[in-house]
Amino acid sequence: MDLDTQLTDAGLAPSGNGKVLLLACGALAHEILALRAANGWDHLDLHCLPAIYHNHPERITPAIRAAVAAQRDSYDRIFVVYADCGTGGQLRAACTELGVDMIAGPHCYSFFTGNDAFAATDDMTAFYLTDFLARQFDAFVWRPLGLDRHPQLRDTYFGNYTSLIYLAQTNDPALTEKARLIAQRMGLTFIHRYTGYGDLTHALARA
């Protein structure tokens with residue numbers, strides 16, 4: 001099993017001997033590990049829940065509660081690297097109740113862009129991709145919607161979108177081309193925006 005498939009379906013078990021646990025979405029693992037390595041943040045351990053929970057946001061809050069309960073005694077502090085992610089405020093309420101902090105923002109598209117900058121955009125008819133979602137598009141979107149079996153349903157699902165905005169965390173020409181081809185498959189105008197890690201960098205620095 002390759003790493004992205006593992007992060008999608010199973011997540012990542014805690015590793016390291018740090019004092020702070022980052023309890024994160026599997027879709028953020030590559031970025032978190034890159035920032036940890038670049039900044040020498042050896043005090044941060046990483047535990048990822050399955051990224052596919054984003055297709056079932058009702059699973060996120062209970063899974064965070066269970067992970068905090070299981071790991072609390074092993075760390076001085078736990079920081080939740082999830083935004084609201086479709087939980088309707090339930091995740092924020094749970095984190096407050098549990099006494100753990102979490103990253104600000106409605107979703108990763110916002111904090112990668114920068115929450116203030118994203119709030120000022122007018123992309124109501126845009127479909128977003130990140131690096132991870134560009135790599136895992138079929139697993140997250142195409143197959144779950146049945147479009148691998150019924151491609152004629154494309155316009156039913158995406159007819160209200162006008163563009164695909166690829167928010168790139170890295171400068172990867174191959175991944176940019178993959179995102180462009182996804183936009184073509186969806187019948188959407190392709191827009192590429194390099195964001196880097198956005199507010200994620202500042203959030204992990206606080207952690």
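**Salt bridges and sheet packing**

E97 is exposed, with a relative accessibility of 57%, where buried means under 20% relative accessible area, exposed over 50% and partly exposed in between, as computed with a 1.4 Å probe on protein chains only. The structure is a predicted model, in which local features need pLDDT of at least 70 and side-chain atom pairs count only at pLDDT 80 or more, whereas totals for chains, interfaces and linings use all residues. Residues are numbered from 1 along each chain as its sequence is written, and side-chain values use heavy atoms, with hydrogens and water left out.

Side chains of opposite charge can pair when their charged atoms come close. Under the criterion for a salt bridge, namely a side-chain nitrogen of Lys or Arg within 4 Å of a carboxyl oxygen of Asp or Glu, the count comes to eight. One of these joins E97 to R65, with the closest N and O atoms 2.9 Å apart. Because R65 belongs to helix α3 (residues 60-71) and E97 to helix α4 (residues 90-98), this pair ties together parts that are 32 residues apart in sequence; helices (H or I, at least four residues) and strands (E, at least two) are DSSP runs numbered from the N terminus. R65 itself is partly exposed, its relative accessible area being 31%.

A further salt bridge is formed by the side chains of R135 and D4, at an N to O distance of 2.7 Å. R135 lies in helix α7 (residues 131-135) and D4 in helix α1 (residues 3-9), so that parts 131 residues apart in sequence are tied together. R135 is partly exposed at 25% relative accessible area, whereas D4, at 12%, is buried. R154 and D155 also meet through their side chains in a salt bridge (3.2 Å, N to O), and R154 is partly exposed, with a value of 26%.

Five strands form an open sheet of mixed pairing in the order β1-β3-β2-β4-β5, two strands being paired if DSSP finds at least two bridges between them. Strand β4 (residues 77-81) pairs with β5 in the parallel sense over two bridges, and M102 in β5 is the bridge partner of V80. Helix α2 (residues 29-39) packs on this sheet, touching β1, β2 (20-25), β3 (44-49) and β4, and its direction makes about 175 degrees with that of β3. Helix α11 (residues 199-206) likewise packs on the sheet, where it touches β2, β3, β4 and β5, and its direction makes about 170 degrees with that of β4. Contact here means heavy atoms within 4.5 Å, while axes are lines fitted to C-alpha atoms, for helices over the stretch in contact, and angles run from 0 to 180 degrees between N-to-C directions.
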